[in-house]
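The following report describes one protein structure for a reader who is new to it. Please consult the sequence and the model alongside the text.

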Amino acid sequence: MPPRRLSARWVLPMGAPPIRNGAVLLDADGRIAAVGPDAEVPSPPGVPQSDWPSAVLLPGFVNAHTHLELTGFAGLADEADFSAWIRRIRALKAERTPAEFLAAAREGLASCHAAGVTTVADTGDSGAVIQALAEAGGSGVAYHEVFGPHPGQWRESLAGLQQRVGELRRFVSDRVRLGVSPHAPYTVSAELYVAVARYAEREGLPMAVHLAESEAESSLLHDASSAFADAWTARGIPLPPLPGRSPVAWLETHGVLGERTLAIHVVRAEQGDVARLVRTRTAVAHCPRSNRRHAHGAAPLAAFLEAGLRVGVGTDSVASVGVLDLLAEVRAARALAGLDAEAALALATRDAARAIGLEEEVGTLQAGRWGDVAVVAIPDADAAEAAREAVLAGGPGDVAETVLAGRTVHRR
Ligand SMILES: [Zn+2]
C-alpha cells in the first residue's frame, strides 16, 4: 500500500482536540504516521493527496454488535413476540447454504464500509464473517456462537465449538480476531456456560454474550416462567438452576463475566447489576434501536457510563433494524443518556474500540494506530461543535470515502 495523505476542513481524532484544516498521513504499512494541522503534517514528495474542503475526517467507525451473516433478512421477520421472532430467524438460517452465508457476510461487510464502519464485533455461527473480514483485510472480532440449552449436551456443544474455532483460526491476523459467544441464557445451559468460559480463559479468546435483553429471559432465570421456560419444558429441557438471580448475576455465578467479555444489550439491569459489571470489568454493547424494535425497553446507558463501564454502540442485525445505521444508534444513545456530541461520537469510535479490546489499534486517529478513516461530508462548519453536530446528523449516505489500513474500501 503506497503512503497517502488526507486533509479536510475538520479532523476529529477522538483521542485529541478537533483540528481545523487538519491532515492525516498514512504510511506504507497502512498505519497513521502523523495527524495534525495541515501545515504541520509532512507532505512527502510523490505521496498522493486527497483534500475534502467540506468534510470531516474521523477514525473509521466501530460497530460493537453485528450479525453480518444475517444480511438479506431485513424485513423477513416481523414477529412482535421475541421468542417467535427468534424461531423465525432460526428457520431463515436453516434455509441458507454456507456459500449463501459467505455472500451475505461479504455484502454486509461492504455495507459497513459504505457507512464508514471499519471495525465490527460480530457474532454468528456460520464462520462466514471471519472469512469475509480476512478477505477484506480486517477489521474486527468474530465471536463464534455456541448453543445448547440441555445440560446433558454441553460436552458435545463444547467439542463442536472447539472444532470450529480450530478451523477458523486460519483467518486470524493482526487485524482479525476470533472469539466465542455462548449465545444467550435462553439457549445455553449453566454447564455449557461454565465450560465455554473456562475454554475461553484457557485459550485467551474474547467472549460475547447476549445478556439481559428481554423480559422473557429475566423471567426464565428468576422463576422459570415465560415463553422460553415453556419452550424448554416442551422440549424436555430441565429449567435453569439457581432461580432468583438476574441474568447478569446468573452469568457472573457461572464465570462468564470478565474483562474480555462483551455483554450485548443489558436492557434489564437489576439491583446490583451495574456494580457486578464494574467489578468484573465487563464491557457493554448498547443497541438502542434493536431494543426498541423488540420492545425490550431502554437500557440504563447513563448509569453504565457514570459507573465507568466500557460501552460501545452496535446496530445488531438487519433482521432487527432494517438498515445498519450506526449514527442513528449514536443519536438514540445520545437522547437516552443526555450526552454531548463528543461523548456520543466516542460511543462509535474510541469507546467502542475500548469495549472490544482494540483501543490500541483503532478508534482514534493518532500516530501508530491503523489508518482507518471515515470521511463524512458536512455542510460548512466554522466551529468544532458544529462539525460534530453535522456528523451526528448524518447517515450512511453522507460517507464520502472509507479508508481501511490506508486502502480505499468505499468511495461515494
Ligand atoms: Zn444480537
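## Overall dimensions

For a chain of 412 residues, a compact globule would have a radius of gyration near 22 Å, and the protein agrees with this because its own value is 21 Å. This radius is taken over C-alpha atoms, and the globule rule is 2.2 Å times the number of residues to the power 0.38. Along the principal axes, the C-alpha trace spans about 70 × 40 × 40 Å.

The model is predicted: local features need pLDDT of at least 70 and side-chain atom pairs count only at pLDDT 80 or more, while totals for chains, interfaces and linings use all residues. Residues are numbered from 1 along each chain as its sequence is written, and side-chain values use heavy atoms, with hydrogens and water left out.

## Secondary structure and contacts

The protein contains 16 helices and 15 strands; these are DSSP runs (helices H or I, at least four residues; strands E, at least two), numbered from the N terminus. Among contacts (heavy atoms within 4.5 Å) with a separation of 6 or more, 70% join residues 24 or more positions apart.

## Burial and the nonpolar cores

Of the 412 residues, 59% count as buried, where buried means under 20% relative accessible area, exposed over 50%, and partly exposed in between (1.4 Å probe, protein chains only). In soluble globular proteins, nonpolar side chains tend to be buried together.

A nonpolar core is a set of buried Ala, Val, Leu, Ile, Met, Phe, Trp, Tyr and Cys residues joined through side-chain atoms within 4.5 Å. The largest such core has 87 residues, and those with the most contacts inside it are Phe61, Val180, Phe304, Ile378 and Val391. Helix 5 (residues 190–203) gives this core its largest share, eight residues. Another core, of 19 residues, lies apart from it and includes Val62, Ala64, Ile264 and Ala355.

Setting aside residues up to four places away in sequence, Phe304 touches Val266, Ala269, Val274, Leu277, Val284, Ala299, Leu309 and Val311.

Isoleucine 86 lies in helix 1 (residues 82–94). It counts as buried because its relative accessibility is 11%. Beyond its neighbours within four places in sequence, isoleucine 86 is in contact with Tyr186 and Phe228.

In helix 3 (residues 128–136), the buried residues are Ala128, Val129, Ile130, Ala132, Leu133 and Ala136. Glycine 137 follows helix 3 and has a positive phi, near 80 degrees.
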